[in-house]
Amino acid sequence: MILSLMDQYLLDTLFQALADPTRRAVIGRLGKGAASVGDLAAPFDMALPSFMKHVHVLEAAGLIHTRKEGRVRYCEIDEARLAAVGSWLEEQRAIWESRTDRLERFVVEKQKEQER
């Protein structure tokens, strides 16, 4: 499948956002449900402004949405955007499984030829 430039840009943005272990941990935590920025930041040894940079990267990629209630900012995952990553990975898995299946058939055929 050939991706449009827009799709390629989207995937680049998503994978760039997910390249950082802190951001992957945040996504993992948000997979369990919405959480406040303070709760999300608690396990990390960094100042809140530094942590907020991670939140902004995830939000800019569309992987999370934030909302403010009073003085507390809450984050929740955007499942549709994360599903785009999953869909692309599934397409890649199918391509590579097909290639490895063809390689296996080739190797088996060559082995049979050598046995003759």
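Is F15 buried, partly exposed or exposed? In this predicted model, F15 is partly exposed, with a relative accessible area of 30%.

View 1. W88 is partly exposed, at a relative accessible area of 25%.

**View 2. F44 and F51 form a stacked pair.** Their planes are at 25° and their ring centres 5.7 Å apart, so the pair counts as stacked, given that planes under 30 degrees apart fall in that class. How accessible is each partner? F44 is partly exposed, with a relative accessible area of 21%, whereas F51 is buried at 0%. The cut-off for buried is under 20%, so F44 at 21% is counted as partly exposed.

**View 3. R99 places its charged end over the ring of W96.** Take a look at the ring centre of W96: the charged end of R99 is 4.6 Å from it.

**View 4. L103, F106 and V107 make a nonpolar surface patch.** Together these side chains give a patch of about 280 Å². F106 is found in helix α5, which spans residues 79-115. With a relative accessible area of 46%, F106 is partly exposed.

Key. Residues numbered from 1 in each chain as written. Predicted model: local features only at pLDDT ≥ 70, side-chain atom pairs only at ≥ 80, totals over all residues. Heavy atoms only, no water. Patch = residues over 30% accessible without salt bridge, like charges linked within 9 Å, V, L, I, M, F, W, Y side chains within 5 Å. Areas by Shrake-Rupley, 256 points an atom, 1.4 Å probe, with all protein chains shown as cover. Salt bridge = Lys/Arg side-chain N within 4 Å of Asp/Glu carboxyl O. Helix = DSSP H or I, 4+ residues; strand = E, 2+ residues; numbered from the N terminus. Buried < 20%, exposed > 50% of the residue type's maximum accessible area, 1.4 Å probe, protein only. Phe/Tyr/Trp six-rings, centres within 6.5 Å; stacked < 30°, edge-to-face > 60°. Lys NZ or Arg CZ within 6 Å of the ring centre and 35° of its normal.
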